[in-house]
Amino acid sequence: MTCTTLDSWAKLRDHQAELATTSVRELFERDPARFERLSRRLDLGRGAAPMLLDFAKQRATPETVALLCALAREVGLEAHRDRMFAGERVNSTEGRAVLHVALRERSRRPVHVEGADVMPDVRAALEHMRRASDAVRSGAHRGYTGKRIEHVVNIGIGGSDLGPLMVVEALEPYRLGGPKVHFVSNVDGTHIARTLSELDPETTLFLVASKTFTTQETLENARTARAWFLRTAQKEIHIARHFFALSTNAKEVQEFGISLENMFVFWDWVGGRYSLWSSIGLSIALAVGFDRFEELLEGAHVVDEHFRTAPLEDNLPALLGLFGVWNTNFWGCGCHAVLPYDQTLHRLPAYLQQADMESNGKGVRADGGVVGCDTGPALFGEPGTNGQHAFYQLIHQGTRVIPCDFLIAANSHNPVGRHHRLLLANVLAQAEALMRGKTEAEARAELERAGVRGAELDKLAKHKSFAGSRPSTTILYDRLDPRTLGALIALYEHKIFVMGSIWGINSFDQWGVELGKQLAGRILPELEPGAPAGDHDASTAGLIAELQLRLSGEDKSA
């Protein structure tokens, strides 16, 4: 049975039809207490100001929330959530548990997989990270010439890059003397060449982040880094002091030349895009110190406990996910914008693109059936007023309705003049403008006050009117610190889980990326000069032939 055949789905469809004739502006006018009814707060603990999520600008009412929660209960969301926390194999296509929540479990509660408590191993891995990051940051671990490590290069791709990169960028105010961390992910040689051009082999540490230590792009970049290092160091024995592995493949790690004492482990129940909490986060600990990394874990744990125990009506990740379903499936919204008005979060949209679209970009249910409704809206975003001067025109007046998340830090790490108040004024104005819109009559009155008359008035009034009722959620926090960032990331992780659960899909596999990898392995040897062409369509075969000519310097068209 698909979600679209449920009684609760039918009731939501009828409810949407009723709301379709009412603007969000009218909903505010009818209910002066709308903000109080449709906003929720989350206590982050440790004396921190609560995080506020305001859903009042969604095209919804308290009845919508009740109906969405009924849908969640009818599909068994709470039971599915409990199975995940219990270590059951909710990643059904790969036969794996999904336990990134265990990586940030801060109580002494055991977490079991196949009957065994994984928490002793988790704590041991975290302690290994602590010792290593403390040693590098303090200068106890030095390069082969005795110089301090000043630069760290994280070599990974996907979840081994996007999450740590986003967090290191976000927590830059907390670096306080740690090494400068760089990230290399793209197999395009320009990425690693430009990174290495600024570095000194004697003061650089490389983290090779690959669970299997076979990821093609990562290993190609790692081999290039290794060759670059050895051109100066000469002796392979020195690799041990300058290369760490974030992996589970001891054999390949040793063959590369990395000491097993510098191999940082994680487990098959840690998915790549949920792995920044694991040894994959070593770059974070090196950048800001392990104490700050633990604060990141604590913030995520607060949200985990809230998601695990709070009733759906007050459960922030559940509500985020349910409103995502509401907008995607009942209002036909195929995109979603994440708009952080906080420069420290400038990489958050890129991180969430993988977390969300790789998780829920699927058309097949976990049981093998067809989903039967839209899934996985395309996600994009930019920080602050940069986005306003890029794509907000489309959001305000385009033919597609694009729900938005506005993220606001009440206080800045850099309170320069009136910059921050101007930033806050902009985000509040954008959210209000999307909700209110501007009627043609209001546009005409505004133009008349400016002295516009006649045909020009008739023309401009149409261009200056806005439909309004463009839905948004505002997430307000005090200041972006490690604890708050951990909470934000966990909110989005569990939102993704909620949406996937409603649709009945497995949010934890990614078979869609495998076909391209397989074909790339076939095509690579065919790009050698004179290599025979494989069995391809005419377009691919033609491009391979053209590239053979150009790569070999035999382009006759030049």
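Start with the lining of the largest cavity: its residues divide into 7 nonpolar, 4 polar and 2 charged (Ala, Val, Leu, Ile, Met, Phe, Trp, Tyr, Cys and Pro count as nonpolar, Asp, Glu, Lys and Arg as charged, and the others, Gly among them, as polar). Before you click further, note that this is a predicted model, where local features need pLDDT of at least 70 and side-chain atom pairs count only at pLDDT 80 or more, while totals for chains, interfaces and linings use all residues. Residues are numbered from 1 along each chain as its sequence is written, and side-chain values use heavy atoms, with hydrogens and water left out.

**Stop 1: the largest cavity**

Select Gly324, Thr328, His336, Pro377 and Met499, which lie nearest the centre of the largest cavity, among 13 lining residues. A cavity here is a set of points, on a 1 Å grid over the protein atoms alone, where a 1.4 Å probe fits but cannot get out; lining residues have an atom within 4 Å of a point. The space inside comes to about 80 Å³, where a volume is the space filled by probe spheres set on the points, and grid points are joined across faces, edges and corners. The structure holds 3 cavities of 30 Å³ or more.

Now colour helix 15 (316-330), strand 10 (335-341) and helix 22 (482-503): each supplies at least two residues of this lining. Helices (H or I, at least four residues) and strands (E, at least two) are DSSP runs, numbered from the N terminus. Helix 15 has the largest share, 4 residues.

**Stop 2: the second largest cavity**

Keep helix 15 coloured. Which element gives the most to the lining of the second largest cavity? Helix 15 again, with 4 residues. Select Phe55, Gln58, Leu320, Phe323, Gly324, Asn327, His336, Cys404, Asp405, Thr473 and Lys495 to see the whole lining. Helix 15 and strand 12 (404-409) are the elements that give two or more residues to it. The space in this cavity is about 70 Å³, and its lining divides into 4 nonpolar, 5 polar and 2 charged residues.

**Stop 3: the largest pocket**

Next, select Ile157, Thr215, Gln510, Glu514 and Lys517, the residues nearest the centre of the largest pocket, which is lined by 43 residues. A pocket is an open set of points with protein on both sides within 12 Å along at least five of seven lines. About 1200 Å³ of space lies here. Helix 23 (514-523) is one of the elements giving two or more residues to the lining, and helix 23 gives the most, with 5. By type, the lining splits into 16 nonpolar, 17 polar and 10 charged residues.

**Stop 4**

Switch to cartoon view and find the 5 strands that form an open, parallel sheet in the order 6-5-7-8-9. Strand 6 (180-184) and strand 9 (263-264) are the edges, each pairing on one side only. Strands 8 and 9 pair over 2 bridges (two strands pair if DSSP finds at least two bridges between them). Alanine 245 stands opposite methionine 263 in strand 9.

Step along to serine 247, in the loop between strand 8 (243-246) and helix 12 (250-256). Is serine 247 buried or exposed? Buried, with a relative accessible area of 0% (buried means under 20%, exposed over 50%, partly exposed in between, with a 1.4 Å probe and protein chains only). Show its side chain: a polar atom there lies 2.9 Å from the backbone oxygen of serine 210. Leaving aside neighbours within four places in sequence, serine 247 contacts (heavy atoms within 4.5 Å) residues including Ser210, Lys211, Val253 and Met263.

Terms used. Polar contact = N/O pair within 3.5 Å; in protein donor to acceptor, adjacent residues only side chain to side chain.
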